[in-house]
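The sequence and structure are shown first.

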Amino acid sequence: MDKRGVKSRVQANREKAFMSRVVRWAYERGKVKMNPCQGVKQFKEQAWTEHLHKAIQSAELLLLNAGMSSIYVLHQPSGLRYTRAAFKAQWMKAKKMAKEKYRDMDFQFTCHDLKAKNISDLSGSLNEKQEISGHKNVNQTARYNRKISIVPVVGRLYCNLTVTKSNGETMVK
């Protein structure tokens with residue numbers, strides 16, 4: 001827990017929980033004498049936030065077939081999870097519909113760009129953004145953090161700022 005927790009507390013907690021379930025299965029069948037994970041404390045994780053609460057409330061509005069329930073935030077009407085292919089198909093369909101409605105807008109972005117937008121909009125340090133996003137290391141968070149630093153103005157002269165985005169595109173401001 002200590003070693004894994006240095007890089008990712010969330011992953012350390014998930015791995016400990018997984019190992020505990022595996023050993024509990026073995027204990028219930030008499031294959032081991034005890035569960036060594038019992039009593040090992042987990043790391044404290046990010047508390048329930050207003051952002052998360054609103055996301056879950058929005059997800060609860062997704063339609064389900066009568067009598068169905070789902071444990072997934074994003075789910076099919078049957079309550080089952082989306083496969084990667086099904087999610088991609090729905091994503092492309094939504095982008096196509098948006099493009100038809102808003103013809104003058106550019107819809108050349110991915111769901112990862114949405115994650116990057118959310119991380120970039122968060123206030124706080126890169127380490128705080130890492131903790132909220134669940135990334136294993138701060139370098140991964142830095143790739144998603146696309147907030148442009150404000151360059152101070154000297155003598156009321158504006159300087160051109162060249163920014164290279166993660167996709168290789170260069171912008172001059």
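Q: Among contacts in the chain between residues at least 6 apart in sequence, what percentage join residues at least 24 apart?
A: This is a predicted model, in which local features need pLDDT of at least 70, side-chain atom pairs count only at pLDDT 80 or more, and totals for chains, interfaces and linings use all residues. Residues are numbered from 1 along each chain as its sequence is written, and side-chain values use heavy atoms, with hydrogens and water left out. Contact means heavy atoms within 4.5 Å. Among contacts between residues at least 6 apart in sequence, the share that joins residues at least 24 apart is 26%.

Q: In what order do the elements of the chain run from the N terminus on?
A: Helices (H or I, at least four residues) and strands (E, at least two) are DSSP runs, numbered from the N terminus. The chain has 7 helices and 2 strands. From the N terminus on, the order is α-α-α-α-α-α-α-β-β.

Q: In which element of the chain is confidence highest?
A: Confidence is expressed as pLDDT, the predictor's confidence in each residue, from 0 to 100. The chain has a mean pLDDT of 82, and 86% of its residues reach 70 or more. The lowest confidence is in strand 2 (residues 170–172), with a mean of 53, and the highest, at 91, is in helix 4.

Q: What percentage of the residues in the chain is buried?
A: Buried means under 20% relative accessible area, exposed over 50%, and partly exposed in between (1.4 Å probe, protein chains only). The chain contains 173 residues, and the buried share of them is 16%.

Q: Is Asn13 buried or exposed?
A: Asn13 is found in helix 2. Leaving out residues up to four places away in sequence, Asn13 touches Met1, Gln42, Phe43 and Glu45. Because its relative accessibility is 1%, Asn13 counts as buried.

Q: Which residues is Glu45 in contact with, leaving aside its neighbours within four places in sequence?
A: Glu45 belongs to the loop between helix 2 and helix 3, and its relative accessibility of 29% makes it partly exposed. Its C-alpha atom is 7.3 Å from that of Arg9, although the two are 36 residues apart in sequence. Beyond neighbours within four places, the contacts of Glu45 are Val10, Asn13 and Arg14.

Q: Why does Pro36 count as exposed?
A: Pro36 lies in the loop that runs between helix 2 (9–28) and helix 3 (50–60). Its C-alpha atom is separated by 9.3 Å from that of Met19, 17 residues apart along the chain. Pro36 is exposed because its relative accessible area is 52%.

Q: How far apart in space are Gly134 and Val10, C-alpha to C-alpha?
A: Gly134 is in the loop between helix 6 and helix 7 (138–144), and it counts as partly exposed at 41% relative accessibility. Gly134 and Val10 are 124 residues apart in sequence, yet their C-alpha separation is 6.9 Å.

Q: How many residues of the lining of the largest pocket are nonpolar?
A: On a 1 Å grid over the protein atoms alone, a pocket is an open set of points where a 1.4 Å probe fits, with protein on both sides within 12 Å along at least five of seven lines, and lining residues have an atom within 4 Å of a point. Of the 29 lining residues, the closest to the centre of the largest pocket are Leu52, Ala55, Val73, Leu74 and Asn118. Ala, Val, Leu, Ile, Met, Phe, Trp, Tyr, Cys and Pro count as nonpolar, Asp, Glu, Lys and Arg as charged, and the others, Gly among them, as polar. The lining has 9 polar and 2 charged residues, and its nonpolar residues number 18.
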